[in-house]
Amino acid sequence: MMEERGWERGLGDGDAEMVDTAAALQLDQARWDAIVAILPPLVRARAMNGVRTRAFMEAVLWIAVTRQPWGRLPSAWGPWHSIYVRFTRWAQDGIWDEVIASLQSHADIADPLRRLVSDYLLSHHPASVNRRAGPRFTPF
């Protein structure tokens, strides 16, 4: 039997089908432990002491696997824009690269996540790829 998460409460009528998909994407303990182990220290401390980081991760995985637009994220996870902003920060800081590496043995979620991050970095914010490489001197 599946455990109920706090983000599953308060669903609207239109969210039921999306949550069925979300339930299939819940991280099991082994996957979650692999992810937490590679997170930067401050993020890791927050992740180990609450369920919000795990719910955030599952929300991003839902977007990656279903290929739905961010605005279609089930409202039970919270405001889609807040999740998107956190996703973009992690992408620009290179955190997703480490998460994807930790999930290599779980290609069912690693590949869609890699595609989502890559699409974000290359299509929407190509300058962010250079930001992760460090500052560059550009002559005038």
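Here is a short tour of a predicted model, from its overall fold down to a few residues.

## Ground rules

Residues are counted from 1 along each chain as its sequence is written, and side-chain values use heavy atoms, with hydrogens and water left out. Since the model is predicted, local features need pLDDT of at least 70 and side-chain atom pairs count only at pLDDT 80 or more, while totals for chains, interfaces and linings use all residues.

## The overall picture

The chain has eight helices and zero strands, where a helix is a DSSP run of H or I with at least four residues, a strand is a run of E with at least two, and numbering starts at the N terminus. Of its 140 residues, 41% are buried, meaning under 20% relative accessible area; over 50% is exposed, and in between is partly exposed (1.4 Å probe, protein chains only).

The chain exposes about 8,300 Å², with carbon and sulfur atoms supplying 54% of that; these areas come from the Shrake-Rupley method with a 1.4 Å probe, and for residues only the protein chains shown count as cover. Take contacts (heavy atoms within 4.5 Å): among those between residues at least 6 apart in sequence, 61% join residues at least 24 apart.

Mean pLDDT, the predictor's confidence in each residue from 0 to 100, is 76 for the chain, and 69% of residues reach 70 or more. Where pLDDT is low, the predicted coordinates should not be read in detail.

## The core

The largest nonpolar core has 35 residues, and M57, V60, F87, W90, W96, V99 and L113 touch the most other members. Such a core is a set of buried Ala, Val, Leu, Ile, Met, Phe, Trp, Tyr and Cys residues joined through side-chain atoms within 4.5 Å. Helix α4 gives the largest share, nine residues.

W90 touches residues including L39, V43, F56, I95 and W96, leaving out those up to four places away in sequence.

## Two residues up close

T53 sits in helix α4 (residues 52-66) and counts as buried because its relative accessibility is 4%. Its side chain makes a polar contact of 3.1 Å with that of R86. A polar contact is a pair of N or O atoms within 3.5 Å; within protein, one must be able to donate a hydrogen and the other to accept it, and residues adjacent in sequence count only if both atoms are side-chain atoms. Beyond four places in sequence, T53 is in contact with W32, R46, A47, R86 and W90.

D28 is in the loop between α1 and α2, and its 40% relative accessibility makes it partly exposed. A polar atom of the D28 side chain lies 2.8 Å from the backbone nitrogen of R31.
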